[in-house]
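Trainee: Can you walk me through this one? I have not looked at it before.
Mentor: Fine, ask as we go.

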Amino acid sequence: KDGSWRVIESTGQNLLDDPNVCGIVTNARDITEQAAAEAALAESEALYRSLVETSPDAITLTDLHGNIIITNQQAASLHGFITVEELLGESAFNFIAPEDLERAAANAQKTLTEGSVQNVEYSLLTKDGRRIPVELSASLVRDAAGQPKAFIGVTRDISQRKAAEEALKASEEKYQQLYDSAPDLFVSVDPKTAEVLHCNQTVFKKLGYTKEEIIGSAVFDLYHPDCLDDVRKVFDTFVKTGEVHNAELQLKHKDGTRINVILNVSAVRDEEGNVLYSSSIWRDITDLKQVQEALATSERLHRTLTE
C-alpha cells in the first residue's frame with residue numbers, strides 16, 4: 001500500500017481440469033527477510049573471497065585431518081605451484097619439513113583443544129624441495145552446533161626477516177669479536193648505581209678478575225684507593241656534562257698492583273635524550289708511564305752530570 005517492495009515465493013495448482021472447480025489455487029509466502037539475509041550472505045562471502053585472494057599471506061582451510069579444502073593463490077605460489085587446484089585435496093602435512101612434522105602434529109592437536117596457535121615457525125617445502133621459513137597462525141572452525149569442523153591457517157613467508165636476522169647476528173658476532181679483542185678496556189656502567197653492566201674480555205685479562213666478580217660490582221671498586229677522590233670528581237663531571245675526556249687515573253689489579261689508565265667516557269642515550277648507560281674506555285698507559293719516568297730519571301741524571 002505504501003509502495004514498498006516485498007519478496008514472495010509463490011506456488012500454484014491448476015484446477016481447470018476439474019469439472020467441478022474453475023481456477024488456479026496459489027500459495028504466496030513472504031520471504032523478504034530471507035532474501036535480505038541471503039543477499040547479505042552473498043555479499044559477505046564475496047568480501048571474504050576478496051580478502052582471501054588479496055591477502056599477501058597464504059590462507060588455507062583444511063579438514064580436521066589436514067586435507068586442504070580451500071586455499072588462495074598466495075599459498076600455491078608459496079609452494080611453487082601455478083594454480084590453486086593443484087593443492088586441493090593434498091595434505092598440508094606433506095608440505096612441512098620432516099624435522100617439523102612432529103611439532104606440527106602437536107600444534108594441530110593444541111589448536112583442536114585450545115582453539116588456536118599463534119606465530120609458530122616452521123620450514124615449509126616447495127614443489128622442487130626447497131625449504132622456506134614461515135610463521136603460521138591457525139584457528140579452529142566450528143559448525144553451527146559448535147562442533148570442530150576445520151582448521152584455518154594464515155602462513156607468512158619470513159625469508160627476508162630471517163635473512164636480516166642472520167645478517168644482524170653475523171654483524172653482532174663480528175662486533176663482539178672486535179670488542180673483545182680490542183687492546184683497550186671497554187666498560188658499560190649504570191650511571192644511577194655505578195654498577196658494571198658489561199665489559200670486554202680485555203678487562204678480565206688486564207685486571208685478573210672473573211666475569212662474575214666484575215659484572216654487577218661497583219665500578220669504584222676497580223680503581224686503586226689512592227685515586228678515589230679523582231674518580232669521584234670525574235664521576236661528577238660525567239653526571240653534569242655526559243662526557244669525560246683523557247682523565248688520568250689508576251685501576252687496581254686483583255693482586256693489588258696499580259694499572260695507570262687514561263679514561264674517556266660518553267653517555268649512551270635513548271631517543272628522548274635520557275641516559276641509558278655510560279660507555280667507558282680505559283687505555284692502559286702503564287708502560288708509557290714507566291718510559292716517561294725512566295726518561296725523567298735520565299734527564300735528571302744528565303742535568304746532574306752536566307752541572
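Trainee: Is Asp229 buried or exposed?
Mentor: This is a predicted model, and in it Asp229 is exposed, with a relative accessible area of 57%.

Trainee: Which side chain does Asp229 meet in a salt bridge?
Mentor: Arg232, at 3.7 Å from N to O. Arg232 counts as partly exposed, at 45% relative accessibility.

Trainee: How far apart are Asp229 and Arg232 in helix α7?
Mentor: They are 3 residues apart in α7, which covers residues 228-241, so about one helical turn separates them.

Trainee: How many salt bridges does the structure hold?
Mentor: There are 15. Some share partners: Glu121, Glu135, Arg161, Lys162 and Glu165 are joined into one network that way.

Trainee: What lets side chains pair up like that?
Mentor: Side chains of opposite charge can pair when their charged atoms come close.

Trainee: What about Asp184, which residue does it form a salt bridge with?
Mentor: With Arg283, and the closest N and O atoms are 2.7 Å apart. Asp184 sits in the loop between α4 (159-181) and β8 (185-189), while Arg283 belongs to strand β12 (residues 275-284), so the bridge ties together parts 99 residues apart in sequence.

Trainee: And is Asp184 buried or exposed?
Mentor: Asp184 is buried, because its relative accessible area is 11% and the cut-off for buried is under 20%.

Trainee: Which residue does Arg131 meet in a salt bridge?
Mentor: Glu99, with 3.0 Å from N to O. That pair links distant parts of the chain, 32 residues apart: Arg131 is in strand β6 (residues 131-142), and Glu99 is in the loop between α2 (73-78) and α3 (101-114). Arg131 is partly exposed at 45% relative accessible area, and Glu99 is partly exposed at 48%.

Trainee: Changing topic. How much space lies in the largest pocket?
Mentor: About 170 Å³.

Trainee: What lines the largest pocket?
Mentor: The lining includes Tyr175, Gln176 and Tyr179, then Phe186, Val187 and Ser188, and also Tyr277, Ser279 and Ser280. Elements α4, β8 and β12 each give two or more residues to this lining. His198 and Val268 are among the lining residues too.

Trainee: How many of the lining residues are nonpolar, polar or charged?
Mentor: The lining divides into 6 nonpolar, 5 polar and no charged residues.

Trainee: Where is Ala194?
Mentor: In the loop between β8 and β9 (196-199). Ala194 counts as buried, at 6% relative accessibility.

Trainee: And what is the phi of Asn246?
Mentor: About 50°, again positive in a residue that is not a glycine. Asn246 lies in strand β10 (residues 243-252). Asn246 is exposed, with a relative accessible area of 56%.

Trainee: Last one. Where is the place of Pro225?
Mentor: Pro225 is in the loop between α6 (211-214) and α7. Pro225 is partly exposed, at 49% relative accessible area. The C-alpha atoms of Pro225 and Lys252 are separated by 8.1 Å, with the two residues 27 apart along the chain.

Notes: Residues are numbered from 1 along each chain as its sequence is written. This is a predicted model: local features need pLDDT of at least 70, side-chain atom pairs count only at pLDDT 80 or more; totals for chains, interfaces and linings use all residues. Side-chain values use heavy atoms; hydrogens and water are left out. A salt bridge is a side-chain nitrogen of Lys or Arg within 4 Å of a carboxyl oxygen of Asp or Glu. Helices (H or I, at least four residues) and strands (E, at least two) are DSSP runs, numbered from the N terminus. Buried means under 20% relative accessible area, exposed over 50%, partly exposed in between (1.4 Å probe, protein chains only). On a 1 Å grid over the protein atoms alone, a cavity is a set of points where a 1.4 Å probe fits but cannot get out, and a pocket is an open set with protein on both sides within 12 Å along at least five of seven lines; lining residues have an atom within 4 Å of a point. Grid points are joined across faces, edges and corners, and a volume is the space filled by probe spheres set on the points. Ala, Val, Leu, Ile, Met, Phe, Trp, Tyr, Cys and Pro count as nonpolar, Asp, Glu, Lys and Arg as charged, and the others, Gly among them, as polar.
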